[in-house]
4 protein chains.
Amino acid sequence: MSFTLQQSQLLSPLIGDSELALLFSADADLKAMLDFEVALAIAQAKLRIIPQAAADAIEVACKSFRVDEANLKQTIARDGMSVPGLIAQLRQHIEKEHAHHLHFGATSQDAIDTSLMLRAARAFDILNKRMREISFQLTGLVERFGQNALMAHTRMQRALPILVADRAASWQDGIDGALNSVEKCLFSVQFGGAVGTLKEFGNQAEMLTRELGLSLGLGFPLKNWHTQRGPVFELANSCSHLTGALGKLGQDYCLMAQNEFGEVKLSGGGTSSAMHHKQNPVQAETLVTLARFNATLVSGMHHSMVHEQERSGAAWTLEWMLLPQMIMAAGAAARIALEMLKSTLAIGSKP
Amino acid sequence: MSFTLQQSQLLSPLIGDSELALLFSADADLKAMLDFEVALAIAQAKLRIIPQAAADAIEVACKSFRVDEANLKQTIARDGMSVPGLIAQLRQHIEKEHAHHLHFGATSQDAIDTSLMLRAARAFDILNKRMREISFQLTGLVERFGQNALMAHTRMQRALPILVADRAASWQDGIDGALNSVEKCLFSVQFGGAVGTLKEFGNQAEMLTRELGLSLGLGFPLKNWHTQRGPVFELANSCSHLTGALGKLGQDYCLMAQNEFGEVKLSGGGTSSAMHHKQNPVQAETLVTLARFNATLVSGMHHSMVHEQERSGAAWTLEWMLLPQMIMAAGAAARIALEMLKSTLAIGSKP
Amino acid sequence: MSFTLQQSQLLSPLIGDSELALLFSADADLKAMLDFEVALAIAQAKLRIIPQAAADAIEVACKSFRVDEANLKQTIARDGMSVPGLIAQLRQHIEKEHAHHLHFGATSQDAIDTSLMLRAARAFDILNKRMREISFQLTGLVERFGQNALMAHTRMQRALPILVADRAASWQDGIDGALNSVEKCLFSVQFGGAVGTLKEFGNQAEMLTRELGLSLGLGFPLKNWHTQRGPVFELANSCSHLTGALGKLGQDYCLMAQNEFGEVKLSGGGTSSAMHHKQNPVQAETLVTLARFNATLVSGMHHSMVHEQERSGAAWTLEWMLLPQMIMAAGAAARIALEMLKSTLAIGSKP
Amino acid sequence: MSFTLQQSQLLSPLIGDSELALLFSADADLKAMLDFEVALAIAQAKLRIIPQAAADAIEVACKSFRVDEANLKQTIARDGMSVPGLIAQLRQHIEKEHAHHLHFGATSQDAIDTSLMLRAARAFDILNKRMREISFQLTGLVERFGQNALMAHTRMQRALPILVADRAASWQDGIDGALNSVEKCLFSVQFGGAVGTLKEFGNQAEMLTRELGLSLGLGFPLKNWHTQRGPVFELANSCSHLTGALGKLGQDYCLMAQNEFGEVKLSGGGTSSAMHHKQNPVQAETLVTLARFNATLVSGMHHSMVHEQERSGAAWTLEWMLLPQMIMAAGAAARIALEMLKSTLAIGSKP
């Protein structure tokens, strides 16, 4: 279950990301939940938990399935989530004798969390790739301008002369740290059944989770994470680490771009409806905005760790409202930082 | 400039609000900015700042204008906001001799902030109306069930017997407080020109702002609020006050709906994909979620008070990412609380 | 129950406030809780709920009472609050025949919340007074430097020339808004008894609350606010409004004080352990810090609105950890802003 | 520079931690800064950067030094930090010929950040130890009560029967995750000099940092972290991870301890000033409070990643106001959770 504010609106070109937006559309979410159901059926057939014919029927049905959106919306409003309604629709679409094998032993949370992880994994690949490009771009900047003089500023006052390479080394360090944080994130299948115990699978439970993870390209922890939200907590922290590191870069660019400093020259730049001489460092400002956006939202993800009993509707729904936005903000920040570095014509103190 | 995550996605039936969503669509934003431009031209013509013919031409043009969305998106990415591109398109659409009178003496922020206020004013009318309905509904509940016994709980332990009316009085108090907060909000025109001084209008500045406010049905403060974000800060606090008060109601319903308590009986209720006997108090949980959502986002609106110099791109853009979502969350909470109260079949301790 | 981090440590001269610290010491809290108990007894004697002799004995005992701190700490750890242990100690100190009249019909929350309100009321008087002094000081600055030229900056770029008076008008507006917010805060007695109903007082309950409020100089709402935390929520928002408005002032000073701008000249200024030529705008920076501190903490106060049933230990304790710090931060910001304005030797663009 | 609100006040027995408080006292901070200065002098003497006699004199002086607190407070208010004043006092205390070798090539931030890391390292050792004890205690609980029946609850509704061991496995998982996060934290020396470049040390810079780190028992990263606040950001996330995991445990205990559930029996428990029959689950509630406290404060630590240029007074000071409190909250949560588990007399559904 995922969606973001950065999609499909006037502001999407500014703070959105068309590549990541595809991952957090309703379609992508539904698609990933169907992938979960298919992978589950295949794994269960392999372990002889359900008949192979049922798994085949489920796979065929999921591939040709077209959701009844109006009906789904009604059931979402009633159930607080998409899965019960989706499964009911899907079962109508499968031959009767196989229908009850769909979603066997699984719970809504298994499908929803796994769908999120499938798409987050792809999103983080994109973040990773972009951060490497940023790093590469920054290396190029240092090669070109690294030996230019720059005045260090501490507490916003002129301190001592440094080189552009010195400040850039700090940016690089921030990017490396964020990249490292992105790379350490784990993407695990969720599979716990109604109350997290998988009791109906007996000693096949572990093997089934393993099969499911392998087939979806996700990790397969020994214990599901229904109520221990470490995995999504880490994703949120990483997104904010990334936007924070790029927010520092953006803030520095804003300050260097002040006309009184003239320490950075950018091509492009925003125009003003009232002052035609202006060239605003819009990208740099937006990096600061995105850093503060994620620094704000991350707090709610930390609150969501207080997840009562075997499943908290309240805490879980809060994650849905926050995490996709945070990932999108990270993607937008990486996209914008890359553009900003590429548009940098010169850095260094005015001689 | 406005948009929300609660629109047009799978989750909108759960946490969205179709009535408020119309106010925070890109279309509604563009429409309100055009209303600003027309009202400005009319007011300026009235004060003989621009020719009446120009105002007429601007009005006609704005009414028949169809935005070139692709081009607008490009300019938004460049400028960090919609207005410079929108004005450029609009000017193409007005006879040449009048085109330069459009947006005369105004700045992008004037159009964007005023558009927000126009739509927030309508949104708050809706919030107000819903809170009154909630209050009315609660009064009805008290009439029906108020004399039923209920066990008071403090620190989640049984305390002493009270009546349903006693607990309901506390809910009513919270609703009254939130309603009062919603009612106190002011919706003011924004008009300050390029750097907030309106110098080009000399001693007509105040009169012009007054005309503009009157014609748009908004307040007209002596001083613009370009950099002092009190007005949007108050809206954010009110939205969170409302969701907080309803979050307390939702939390109480969650606890009363526990099977072990059985203190509230609801019609409807969410189903589970794994456990068919369950009836989940989805609305009550969602009220808690929405309260924590706004409690999280409000922090960023407070950070946005640190708005540097004559206009902060970074702080202002952060508002755009947060406030519409907060208003939508308030609307959804009011909608859901009303439904929840209506679906209440009984309250009181099990005899 | 109150305390703050800004007290008695190395950082108190920087971000603390010795005048407000006195209000949020353990001593002041205990003193205010005793004031509550005395006022309650007197009011109850007046309404013939308890004997006059008991009220007299309680008054005498409270005046000569010395707390056994070690014992109190033990009971606080057990009870999660100070009152049960405090009342137990106090009762030992009152003649046996009168002891049970102490705290009659009251609950711990009544004493703790009222103690907070008594001290917050004094704190807000101090905030009010300081904000007026800031306003006065700013008026003086405008008289001296208001006609100096200043370059307006929007999105951190040079925009158009304005006057110092123009930017100062925006600061003044922020200060007025914060002052208005501080002035609107209400300080009400808390009195609800064990479960908020005051049932044992029958139709005397309202009169008793009125007497209690009048004698303590606090408001006396018809309904207690045990579970509807609007009153403390408003205090938190006001504190953050104040620090936000002064944070904007501080941020502007930081930018104006940049050597490349040289738009403000301050006496004093911080020294550096490594660079002896530097004069850091420490006060201006600290205003930004305090704004972001309160913008962070306010979120927890909004979460505390989700206050379950008749009393939430979890939500209430969170307020204790946040609100006193926020009030202290507001006090420190007001103190620092005043000093900063006083130390301003000149404002305006370098000619 | 460190201090916390949880020290030395009425609430310290409830939410404080006397063992950790010692690490975050002003004394401990000063002591650790002196340790930094001594280690720096010794390392510099070893590398022949300063004379051995100077290092000896510095060591002797630091050991016998008694701070002039009144003077220090004045310089802190002026400089925004303790080090310039502290170094000035120390230099008075060292023979003149050696005094200028003190703090050679270092900057205030080096001493302050290193002092924080020295004490955080010890604090995290304590957190680590306590989390292991919690884990051990929980294992014991499972041995005793693991096979007791418990009713699983999802969305706060009765779901299906599980065992106490099942729910405990989820708690264990959360504790393991938090412990893992605590263990991964790195504690690195800070050494960058005035503007982060260590230029005056030429090719000895790296060796010097290494010596310094080794002698203080801290890591020695290739690049200082003056402006890239990853190391403190990670500490904050870990503290909130820990309180979040224990907050989930606390929330579950609160729900299980409801009289209507009676699923957990605790010895002790808080008393009420109004209702003598009550036994409040104060520890469980406090765990929820501490989780929400850290979830709130962590947001400010993420904002502090936006750290401008070579040193941000505003962002850095915000860390001082937040991080020590977060570590203390983590310590208190670990202490309280351990006590709560120890006081657990029974868990499981009522038969």
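Me: What ground rules apply before we start?
Reply: It's a predicted model, so local features need pLDDT of at least 70, side-chain atom pairs count only at pLDDT 80 or more, and totals for chains, interfaces and linings use all residues. Residues run from 1 along each chain as its sequence is written, chains are lettered from A and ligands numbered from 1 in the order in which they are written, and side-chain values use heavy atoms, with hydrogens and water left out.

Me: What makes A:C239 and C:C254 buried or exposed?
Reply: Buried means under 20% relative accessible area, exposed over 50%, and partly exposed in between (1.4 Å probe, protein chains only). A:C239 is at 0% and C:C254 at 2%, so both count as buried.

Me: Which residues have the most contacts inside the largest nonpolar core?
Reply: They are A:Y253, B:Y253, C:Y253 and D:Y253, in a core of 505 residues. A nonpolar core is a set of buried Ala, Val, Leu, Ile, Met, Phe, Trp, Tyr and Cys residues joined through side-chain atoms within 4.5 Å. Leaving out residues up to four places away in sequence, B:Y253 touches B:W171, B:L266 and B:M340, among others; contact here means heavy atoms within 4.5 Å.

Me: How do you know that A:V182 is in a helix, and is A:V182 buried or exposed?
Reply: Helices are DSSP runs (H or I, at least four residues; strands are E, at least two), numbered from the N terminus. A:V182 falls in α9 of chain A, residues 164-184. With a relative accessible area of 3%, A:V182 is buried. Its contacts beyond four places in sequence include A:F124, A:L127 and A:L242.

Me: What area is buried between chain A and chain C?
Reply: About 2,500 Å², with carbon and sulfur atoms giving 50%. Buried area is the accessible area (1.4 Å probe) that two parts lose on being put together, summed over both. On the chain A side, A:R155, A:Q157 and A:E260 lose the most, together 26% of what that side buries.

Me: Why is the pair C:E260 and A:R158 called a salt bridge?
Reply: The term asks for a side-chain nitrogen of Lys or Arg within 4 Å of a carboxyl oxygen of Asp or Glu. Here N to O is 3.0 Å, so the pair qualifies. The count between chain A and chain C is 4 salt bridges.

Me: Is D:Q309 buried or exposed, and what does D:Q309 touch?
Reply: D:Q309 is in the loop between α12 (282-303) and α13 (313-342) of chain D. At 1% relative accessibility, D:Q309 counts as buried. Its contacts include A:H153, A:R167, A:F261 and D:T227.
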